Amino acid sequence: MNLAFLLSQANQLNKDLTNSQKRIADISRDEAREAKKYADNITKASKTSSEYSARNYLRNADQAQQKQVKLVEKRAQESKKVATLQEKISKLQASISQAQISQARNQEKTISDLQKSTHDLLAKELEVTKNSIEEKESEYDAFISHASEDKKELVRPLASALKEKGLRIWYDESTLTLGDSLRRAIDQGLVKSRFGIVVLSPSFFRKNWPQYELDGLVERELSEGKVILPLWHRVTKDEVMGFSPSATT
């Protein structure tokens with residue numbers, strides 16, 4: 001069953017439960033008031049010396065007692081309704097938990113399928129572009145320019161997927177070693193790679209090093225032709241255009 005529908009049902013049941021619990025509180029307050037009336041009138045009837053007044057007090061006490069009995073019955077009915085609502089909510093929560101698990105699995109599959117599709121498309125584009133230009137000696141097929149914040153979610157799986165397809169990939173986690181100069185290593189990666197995959201994301205736009213890498217790739221593209229393969233990650237066209245119009249092509 002649809003998760004949104006289940007959550008809507010749960011929300012309504014919880015509202016009904018809150019209202020019933022409030023009615024029980026109101027009924028209990030009325031019960032206490034009638035019980036006090038009953039006790040007060042019984043006390044007054046026992047103390048008065050007037051037979052007429054005593055009869056009035058006893059009549060008032062009887063009325064208060066009758067109202068109290070009705071309120072007790074009303075509270076019992078409302079308590080039964082609360083128990084039924086609580087049971088329904090409990091069963092609905094179990095259904096919601098199952099629906100949430102199912103939705104999470106579907107989202108994971110969608111993300112996995114999307115990543116695989118992205119990896120396949122990039123690999124094909126790299127292969128097609130590589131075959132369409134003059135062969136030259138390069139240590140790597142592609143250099144991945146990215147912000148570190150995007151490494152876990154996108155870059156690391158992307159690099160692994162491309163390597164599994166036989167492509168030689170340069171990116172800092174697998175290539176930089178202790179003591180390397182970051183700028184020198186990046187320069188070498190740019191020089192030794194046929195293409196540059198640029199992961200355009202909000203984190204990328206905030207960093208200096210990724211922009212330095214992109215500048216190097218743009219210089220190469222101006223002199224050598226197509227070398228930049230932009231990959232958009234959680235950004236809109238307007239955001240990309242505001243950063244680099246060339247990255248939208």
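**Close-up 1. Asp26 and Arg29 sit three residues apart in helix α1 (residues 3-47), so about one helical turn separates them.** In this predicted model, the two residues form a salt bridge. Their closest N and O atoms are 2.9 Å apart. Asp26 is partly exposed, at 23% relative accessible area.

**Close-up 2. Arg33 pairs with Glu34 in a salt bridge.** Here the closest N and O atoms lie 3.9 Å apart. Glu34 is buried, with a relative accessible area of 4%. Arg33 is partly exposed, at 41% relative accessibility.

**Close-up 3. Arg234 forms a salt bridge with Glu153.** The closest N and O atoms of this pair are 2.4 Å apart. Arg234 is exposed, at 60% relative accessibility. Glu153 is partly exposed, with a relative accessible area of 37%.

**Close-up 4. Salt bridges with shared partners link Asp30, Arg33, Glu34 and Lys37 into one network.** The structure holds 14 salt bridges.

**Close-up 5. Helix α3 spans residues 151-164 and carries several buried residues.** Among them are Leu154, Val155, Leu158 and Leu162. Lys151 is buried too, as are Ala159 and Ala161. Just after α3, Gly166 adopts a positive phi of about 90°.

**Close-up 6. Ser203 belongs to helix α6 (residues 202-206).** Ser203 is buried, with a relative accessible area of 10%. Beyond its neighbours within four places in sequence, Ser203 contacts Ala147, Glu149 and Asp150.

Technical notes:
Residues are numbered from 1 along each chain as its sequence is written. This is a predicted model: local features need pLDDT of at least 70, side-chain atom pairs count only at pLDDT 80 or more; totals for chains, interfaces and linings use all residues. Side-chain values use heavy atoms; hydrogens and water are left out. Buried means under 20% relative accessible area, exposed over 50%, partly exposed in between (1.4 Å probe, protein chains only). Helices (H or I, at least four residues) and strands (E, at least two) are DSSP runs, numbered from the N terminus. Contact means heavy atoms within 4.5 Å. A salt bridge is a side-chain nitrogen of Lys or Arg within 4 Å of a carboxyl oxygen of Asp or Glu.
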